[in-house]
Amino acid sequence: MGLLDGLRVLDLTMWRPGPYATQLLGRLGADVVKVEPPGGEPMRVFRDHFDVLNRHKRSVELDLKTDAGLARCLELAKDAEVFVEGFRPGVADRLGVGYARLREAAPALVYCSISGYGAEGPLVDVPGHDVNYRAYAGALAQDTTAAGAELAVADMAAATMAAFAITAAVLKARQTGAGERIDLAMADVLADWVETSPNMTDADAPVPGYGIYPTKDGRTIALGVVSEQALWAATCRALGLERHADVPFLQRFERLKELDGRIADAVAALTRDEALARLSREGAPVAPVLTRTEMLAHEHFRARGIGTGPIRTANQPNPSQGTAPELDEHRGEGWRLTD
């Protein structure tokens with residue numbers, strides 16, 4: 001049982017954005033059937049990654065280039081509420097599973113296409129991956145290295161937005177009987193984020209005490225001081241900068257380089273653990289910059305059950321971690337029966 005119990009989702013996506021979007025729906029109870037090409041989704045060779053993105057799903061192997069494979073896919077789509085594809089624009093139509101064809105048999109179908117730059121526009125045919133979409137959207141700093149671009153922000157942001165848009169469209173379709181076509185571009189999502197955060201990417205720090213600061217042992221911490229006077233004062237006390245603790249916000253902003261430089265120098269004289277201890281003791285907004293391994297081992301995230309999903313509900317059971325399906329494990333099965 002879950003918040004989306006009874007929702008039928010046909011998933012033709014591969015790699016990361018689409019699979020994560022449908023996994024989010026599956027976590028909340030949706031019945032997700034993953035259609036894989038002959039031999040399985042290529043991401044299966046990276047099994048650890050594949051399993052995380054494809055929990056809470058069932059798998060059917062279909063060759064859409066054959067009459068039998070296409071017919072079975074269309075049969076499943078006819079009784080689905082949601083159809084998600086992540087092909088390059090135009091490919092779904094060529095395979096026979098485009099929006100126009102599917103809505104004839106299922107007028108209430110919510111059809112979501114996830115692509116890099118969208119289904120139309122000057123960049124529609126340009127190939128790319130996460131780092132390219134971030135670059136075009138103004139969401140990648142000029143000096144970012146490959147390591148700094150490791151977290152697939154565009155992929156995961158677009159997947160989350162897709163799950164949100166799909167859920168909203170399903171609510172409307174259930175009310176009206178009319179489905180929807182969702183054209184979701186990964187670059188668009190980040191461009192929207194950047195557009196609503198003006199002038200934040202061009203400054204070394206938006207205000208003193210906000211950003212990433214190296215420590216003397218080669219580690220880094222994150223400080224999150226913004227306008228709150230109490231947090232600024234706590235940071236100053238922790239770092240031996242008491243004479244600046246009473247500087248009001250507007251003056252801090254005007255003295256950005258000077259004050260932020262003093263904070264950076266004070267942090268650089270400490271090890272990461274020393275800085276964390278001092279700042280935490282004074283109530284400053286500080287966090288260690290953790291690796292993935294460190295995050296997974298951290299007591300907070302272990303207590304929060306990371307791996308079962310970021311959503312916590314009071315009146316529905318929280319989802320289990322779930323498992324990914326083996327290739328074609330659910331051949332011949334239809335949609336789950338619901339009350």
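These legends describe close-up views of a predicted model. Local features need pLDDT of at least 70, side-chain atom pairs count only at pLDDT 80 or more, and totals for chains, interfaces and linings use all residues. Residues are numbered from 1 along each chain as its sequence is written, and side-chain values use heavy atoms, with hydrogens and water left out.

**View 1. Strand S8 pairs with strands S7 and S9.** Helices (H or I, at least four residues) and strands (E, at least two) are DSSP runs, numbered from the N terminus. Two strands pair if DSSP finds at least two bridges between them. S7 (residues 210-214) and S8 run antiparallel, joined by 5 bridges. Gly211 stands opposite Leu223 in S8. S7 and S8 form a hairpin with 5 residues between them. In its turn, Gly218 has a positive phi of about 80 degrees. S8 also runs antiparallel to S9 (residues 286-288), with 3 bridges. Here Ala222 stands opposite Ala287 in S9.

**View 2. Side chains alternate along strand S8 (residues 220-224).** Buried means under 20% relative accessible area, exposed over 50%, and partly exposed in between (1.4 Å probe, protein chains only). Ile221 and Leu223 point to one face and are buried.

View 3. A salt bridge is a side-chain nitrogen of Lys or Arg within 4 Å of a carboxyl oxygen of Asp or Glu. The structure holds 19 of them. Arg47 is partly exposed, at 28% relative accessible area. Asp51 is partly exposed too, at 25%.

**View 4. Glu333 forms a salt bridge with Arg58.** Their closest N and O atoms are 2.6 Å apart. Glu333 lies in the segment after helix H14 (299-304) and Arg58 in strand S3 (residues 57-61), so the pair ties together parts that are 275 residues apart in sequence. Arg58 is buried, with a relative accessible area of 9%. Glu333 is partly exposed at 35%. A network of salt bridges links Asp31, Arg58, Glu333 and Arg336.

**View 5. Arg255 meets Glu258 in a salt bridge.** The N to O distance is 2.8 Å. Arg255 is partly exposed at 27% relative accessibility. Glu258 is partly exposed at 34%.

**View 6. Five residues form a negative surface patch: Glu120, Asp183, Asp188, Asp192 and Glu195.** Patches are made of residues with over 30% relative accessible area and no salt bridge; like charges are joined within 9 Å, nonpolar side chains (Val, Leu, Ile, Met, Phe, Trp, Tyr) within 5 Å. Helix H8 (residues 186-195) gives the largest share, 3 residues. Asp183 sits in strand S6 (residues 180-185). Asp183 counts as partly exposed, at 37% relative accessibility.

**View 7. Trp15, Val45 and Phe46 form a nonpolar surface patch.** Together they have about 350 Å² of accessible area, from the Shrake-Rupley method with a 1.4 Å probe; for residues, only the protein chains shown count as cover. Val45 is in the loop between strand S2 (31-36) and helix H2 (47-53). Val45 counts as exposed at 66% relative accessibility.

Note on methods
Lys and Arg count as positive and Asp and Glu as negative; His and the chain ends are not counted. The place of a charge is taken as NZ of Lys, CZ of Arg, CG of Asp or CD of Glu.
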